[in-house]
Amino acid sequence: MLIEIDFNSEEAFYIQLRDQIIIGIATNQYQEGDALPSVRQLAESVGINMHTVNKAYSVLKQEGFIRLDRRRGAVIALDTDKLQAVEELSASLRVILARALCKGVSEAEVHQLVSGIFEEMRESCEEI
């Protein structure tokens, strides 16, 4: 697992960690049933506090990306509730699009950006 934390970013470390794991799932770097490193292992390899990793894992569990197994630790287990996922995406996009609108980003630019990101992720899935 290649996780890199940007120590100069204003974004919280646990959010960076969560986002990288979600992107790894989306690009098939991590598959359903794969065990993630233990909290201690990941904290040591990335150079962050164990409580930060624990918080990221807790958020991932809450959001339906992992489950905690007594024997295997954190395991990729996707919540298949698509309706809920669409509702959450809508709420997140509403804020993101409002920010973009305030900065003068056009609808066409947003569509182009989204298409580009989807294409990158498809290509990543095909490479694995």
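Buried means under 20% relative accessible area, exposed over 50%, and partly exposed in between (1.4 Å probe, protein chains only). We're working on a predicted model, where local features need pLDDT of at least 70, side-chain atom pairs count only at pLDDT 80 or more, and totals for chains, interfaces and linings use all residues. Residues are numbered from 1 along each chain as its sequence is written, and side-chain values use heavy atoms, leaving out hydrogens and water.

**Exercise 1.** Classify Leu93 as buried, partly exposed or exposed.

- Step 1: Leu93 counts as partly exposed because its relative accessibility is 34%.

**Exercise 2.** Find the aromatic pair and name its geometry.

- Step 1: rings of Phe, Tyr and Trp (its six-membered ring) pair if their centres lie within 6.5 Å; planes under 30 degrees apart are stacked, over 60 edge-to-face, and the rest tilted.
- Step 2: that rule gives one aromatic pair.
- Step 3: Phe7 and Phe13 are the partners, edge-to-face, at 5.2 Å centre to centre with 75° between the planes.
- Step 4: Phe7 is partly exposed because its relative accessible area is 45%; Phe13 is partly exposed because its value is 28%.

**Exercise 3.** Which residues does Thr52 contact, leaving aside neighbours within four places in sequence?

- Step 1: Thr52 lies in helix H3, residues 50-62.
- Step 2: Thr52 is buried because its relative accessible area is 18%.
- Step 3: with contact meaning heavy atoms within 4.5 Å, the partners of Thr52 are Phe13 and Tyr14.

Notes: Helices (H or I, at least four residues) and strands (E, at least two) are DSSP runs, numbered from the N terminus.
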